[in-house]
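Please take a moment to look over the sequence and the model before reading on. The paragraphs below go through a few places in the chain, one after another.

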Amino acid sequence: MSYTVVWPDGSVEEEADSYLRMFEGSGTQKTYAYALVDHLRWRVREGVTTESVTFLDLQRYMGAVGAYVPMPFGRPWRVPPQRPYGQSALDVAAACLKGFYLHQFARTGTNSELRAALDVSRIPTQRDRSRAFLGHTLTSMPANPLATGKNKGRRRHPKMLPEGTRPSLLKAVNTARDAMVVTWLSDTSLRIGGLTGLHLVDLHLRENAACQECRDPHLHVCHRPGNPNRSAAKIKPDWRMIDGVITGGEIYRVSPAMISTYFTYMTTEYAKVATGHGMLLIQLAGPSRGEPWSADAARGMLKRAGRRADLPGRILPKAFRHQFTNDVLDASDGDPFVAKAVGNWASAKMVDEVYGHPDLHSPQFSRALEAVWGEDQ
């Protein structure tokens with residue numbers, strides 16, 4: 001599936017299309033397409049083009065979508081019910097705009113003043129050198145003057161689930177499918193796109209499965225961009241099917257509770273609906289009964305169940321992943337390598353930075369404070 005930008009009459013926006021083709025076959029193409037279409041709409045309203053836009057205009061746009069810019073940025077752009085971009089979205093927009101305009105300048109050679117303002121560099125940091133191959137030879141790094149730079153410090157600790165979320169949700173859900181989703185999110189670090197993108201062939205819920213990649217019951221999360229419900233795994237390790245057996249992908253071990261809720265769902269609700277798509281999660285009612293269940297539908301189910309259970313705040317799928325990683329880290333005496341392996345995280349260092357926080361109510365924490373305060377004397 002490819003993404004591009006079109007005008008209201010259906011004609012292709014050539015500048016955006018030529019830039020997005022550079023990311024053919026990747027998730028970046030979709031993300032940048034959404035970022036570009038918003039910017040191009042703003043550009044039409046402001047009456048500027050690639051040839052006439054200035055660096056000041058781009059700063060005004062970043063301010064209009066939510067960045068802190070110490071300047072007036074004109075009429076409001078993202079008005080309710082739209083919300084300002086968060087920090088991650090601002091970083092994406094800044095990277096997209098810089099790449100888009102530098103690509104246009106390389107094609108046409110116009111607007112050299114803006115090109116000089118965007119094509120800048122900075123001195124590499126120690127972190128840059130550590131990440132790069134032959135990092136000691138680095139003399140400069142590309143910089144983005146449109147980036148806000150507010151996320152350069154230590155990672156903020158993610159929001160966890162409210163106390164008693166799992167049992168409360170299991171009492172509040174209405175179907176075996178929904179109970180299975182709550183259980184699978186609670187007992188693994190699965191992302192919602194990976195969960196709703198699962199096929200039945202991805203599940204090896206017995207010991208010593210034919211894939212021979214994990215002797216315990218497990219599942220394989222495989223990136224499939226062509227799923228009918230548009231759900232796809234975020235991480236894209238290689239996978240393949242050999243003689244009907246899935247190998248590769250992201251491997252997650254499954255708990256006995258996950259297997260139990262799976263068989264309850266399959267023998268009751270799934271068995272009543274004949275499906276030919278082979279996906280695990282299906283819609284149980286309505287005109288699309290039997291069709292694959294989407295990630296947005298799963299998010300909506302969790303939101304409604306959280307309200308029925310009187311849980312504070314909105315229950316988000318990613319909070320289960322954060323909670324699971326935090327619990328594994330606590331159970332392993334703070335070993336980030338165990339939490340990394342169990343949760344399929346990219347690095348143990350990131351796990352330690354994000355989740356390796358002290359418990360403010362632990363006996364060790366209290367004893368350390370008492371020793372410093374002199375209360376043990």
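Predicted model: local features only at pLDDT ≥ 70, side-chain atom pairs only at ≥ 80, totals over all residues.

If the neighbours within four places in sequence are left aside, the residues in contact with L58 are H39, V53, Y101, L114, L118 and L146. A further pair to find in the model is L58 and F73, which stand 15 residues apart along the sequence, while their C-alpha atoms are 9.8 Å apart in space.

The next stop is helix α10, which is made of 13 residues, 256-268. From the first C-alpha of α10 to the last the helix reaches 18 Å, and this is close to the 18 Å expected at 1.5 Å a residue. Which residues of α10 are buried? They are M258, I259, T261, Y262, Y265 and M266, and, when α10 is seen down its axis, these buried residues fall within an arc of 165 degrees, so they line one face of the helix. The face turned away from that buried side carries P256 and T267, which are exposed. As for what covers the buried residues of α10, the covering elements include α8 (176-187), together with the strands β3 (203-204) and β4 (218-221).

From the helices we turn to the loops, where the backbone itself deserves a careful look. In the loop between α3 and α4, the latter spanning 87-108, lies P81, and the peptide bond that leads from P80 to P81 is cis, with an omega near 10 degrees.

With a relative accessible area of 63%, R230 is exposed, since the word applies to values over 50%. D243, placed in the loop between β5 and β6 (245-248), also has a positive phi, here of about 55 degrees, without being a glycine. The relative accessible area of D243 is 78%, and this residue is exposed.

Methods. Residues numbered from 1 in each chain as written. Heavy atoms only, no water. Contact = heavy atoms within 4.5 Å. Helix = DSSP H or I, 4+ residues; strand = E, 2+ residues; numbered from the N terminus. Expected span 1.5 Å × (residues − 1). Buried < 20%, exposed > 50% of the residue type's maximum accessible area, 1.4 Å probe, protein only. Arc of directions from axis to C-beta.
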